[in-house]
Amino acid sequence: MIDSHCHLDHEPLFSDLENIIKRSKEVGIEKLLTISTSLESFSKIKNILTKDKIIYGTIGIHPHESSKNSIDSKEIVKNLTENEKVIGIGETGLDFYYDKSDRNIQISSFREHIDASIETNSPLIIHSRNAEEETFEILNEYKNKNLKILMHCFTGSFGFAKKLLDFNSYFSASGIITFKNSLDLQNTFKSIPLENLLIETDSPFLAPVPNRGKKNEPSFISFTASKLAEIKLIEKSKLVKITTNNFNKLFFN
């Protein structure tokens, strides 16, 4: 299994990394991708990458942080190319639910990340909340640029997913698919082809059932994998193999 999106720089994970890594390996995780959300976050991630060979990282600014953290495509490219364990760009995107950063600043930051992704041919990890139309309009401007798109913690509509499939986007399922009130989302994932799916924890957030309400950690991804296999009507072992291959194809091909 691969946890395609976690935040090992966040507490309580950061102060307990040794045990977090140990428990990850015990459930069969072979790679952890820890995601940058700010300049401070990336600084911690560079250190975390040295802790174990299974840990990889990204460089990027979360839309919530874009008003306080300015980064341009050149700086993203520089940081990406300086460290071989930094393998993706993000998380970036648009969040118009909380509006913690000015919308125009979010959009500008998103475009800088897209430009860096195009220049380096690196996967772009996208956060989109209450901004489906705006996210798609921006991505559609780059339709002929062969973007490698990963919609992280996807909770969007079936229509949004269908349009993004035209870009051969990947969609990552989080613990949200295990929640009782997520039937619409489960049906959306039922319709997304297996070859476009990944799994993630987004830990320390969004712990899956039966650990909902607890602080999430990568080892809990096993519950999300089980639920996604159930949704896709396949054996868990097959689901794990497919999502692992999809991750490696996206990030290492």
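Reply: This is a predicted model. Start with the fold. The protein has nine helices and eight strands. Its radius of gyration is 17 Å, close to the 18 Å that the globule rule gives for 253 residues, so the protein is as compact as a globular protein of that length. Along the principal axes, the C-alpha atoms fill a box of roughly 40 × 40 × 35 Å.

Next, the inside. Of the 253 residues, 58% are buried. Now take the contacts with a separation of 6 or more: 73% of them join residues 24 or more positions apart.

Now the cysteines. A search of the whole structure finds zero disulfides. Take Cys6, which is in no disulfide. The nearest cysteine sulfur belongs to Cys153, and it is 13 Å away. A disulfide needs the two sulfur atoms within 2.5 Å.

Are these residues buried or exposed? Cys6 has 0% relative accessibility, so Cys6 counts as buried. Cys153 has a relative accessible area of 12%, and Cys153 is buried too. The cut-off for buried is under 20%.

The accessible surface comes to about 11,300 Å², and carbon and sulfur atoms hold 46% of that. As for charge, the protein has 32 positive and 34 negative side chains. The centres of these two sets lie 5 Å apart.

Definitions and conventions
Residues numbered from 1 in each chain as written. Predicted model: local features only at pLDDT ≥ 70, side-chain atom pairs only at ≥ 80, totals over all residues. Heavy atoms only, no water. Buried < 20%, exposed > 50% of the residue type's maximum accessible area, 1.4 Å probe, protein only. Helix = DSSP H or I, 4+ residues; strand = E, 2+ residues; numbered from the N terminus. Rg over C-alpha atoms; globule rule 2.2 N^0.38 Å. Contact = heavy atoms within 4.5 Å. Areas by Shrake-Rupley, 256 points an atom, 1.4 Å probe, with all protein chains shown as cover. Lys, Arg positive; Asp, Glu negative; His and termini not counted. Charge placed at Lys NZ, Arg CZ, Asp CG, Glu CD.
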